[in-house]
Amino acid sequence: MKNLNVLIVTTSHDQLGKTGEKTGVWLEELAGPYYQFLDNGAHITVASVKGGDVPLDPKSESEEWQTEFTKRFSEDEQALSSIKNTKSVTEVNPSEFDILFFPGGHGPMWDLGDNKDIAALINEFDKEDKPIGLVCHGVVALKGVKSTNGHAFVKGKRLTSFTNSEEDAVGLSEVVPFLLEDALISEGAIYVKEQDWSDFVIEDGNLVTGQNPQSSVSAAQKTLDLVTVK
């Protein structure tokens, strides 16, 4: 397999609605995929909506949410450097990358969806049939994207994301600007889900979606597999 170039795109949003609390990227959803790609020889570039430092959700850095990957990331100077002073999505050239991946966290609910720059990036990768992986709230990047035929990008596609019941479970259904499961269904997605907190991934063509943080590594692996099988 050739040396792959992976573009990971994150939120720049760090405010959890009007709660006064901080949010951002969920660390496991960044760290798990990061090492899945890195350990398979890929070169990784992290970009964000606005550029600059990537906000990490403080809760995802707490002890109860640590995994082997988050611990490794937090002690890895190269990994930590990758989320400092990132380029904005408008500063990256899609043709230089083989894989596009979106981690979640609650931050994406405010700036990844209905975003023309994100939509342009997704369409560029899709046009070349390059793998696009998204996990948890990162799947919101597909919201508002139009295909070349003018239809919603997700229309008729099998996918998953953080579910309504999982949002209820974390007590944020009234905090997020909308429920992601509902939004994707309203745009015509064939929405599929497993029990809350299951490691669950759906593949449809060049699109890979994972349901929740537990699905982050599996989503990255399936996205990577789309390149290795070609």
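Figure 1. Helices (H or I, at least four residues) and strands (E, at least two) are DSSP runs, numbered from the N terminus. The model is predicted: local features need pLDDT of at least 70, side-chain atom pairs count only at pLDDT 80 or more, and totals for chains, interfaces and linings use all residues. Residues are numbered from 1 along each chain as its sequence is written, and side-chain values use heavy atoms, without hydrogens and water.

**Figure 2. Burial of H1.** Eleven of the twelve residues of H1 are buried, so the helix is largely enclosed by the rest of the structure. Buried means under 20% relative accessible area, exposed over 50%, and partly exposed in between (1.4 Å probe, protein chains only). Among the buried residues are Leu27, Leu30, Pro33, Tyr34 and Phe37.

**Figure 3. The Trp26–Trp65 pair.** The whole structure holds six aromatic pairs. One of them joins Trp26 and Trp65 edge-to-face, at 5.5 Å centre to centre and 75° between the planes. Rings of Phe, Tyr and Trp (its six-membered ring) pair if their centres lie within 6.5 Å; planes under 30 degrees apart count as stacked, over 60 as edge-to-face and the rest as tilted. The partners are 39 residues apart: Trp26 is in the loop between strand E1 (5-10) and helix H1 (27-38), Trp65 in the loop between strand E2 (43-48) and helix H2 (68-74). Trp26 is buried, at 13% relative accessible area. Trp65 is partly exposed, at 39%.

**Figure 4. The Tyr34–Phe73 pair.** Tyr34 lies in helix H1 and Phe73 in helix H2, so the pair ties together parts 39 residues apart in sequence. Both residues are buried. Ring pairs link Tyr34, Tyr35 and Phe73 into a cluster.

**Figure 5. Lysines over phenylalanine rings.** The charged end of Lys130 sits over the ring of Phe125, 5.3 Å from its centre. Lys143 lies over the face of Phe178, 4.8 Å from the ring centre. The criterion is NZ of Lys or CZ of Arg within 6 Å of the ring centre and within 35 degrees of the ring normal.

Figure 6. Leu16 is in the loop between E1 and H1. At 5% relative accessibility, Leu16 counts as buried. Beyond its neighbours within four places in sequence, Leu16 has contacts (heavy atoms within 4.5 Å) that include His106, Trp110, Leu172 and Val175.
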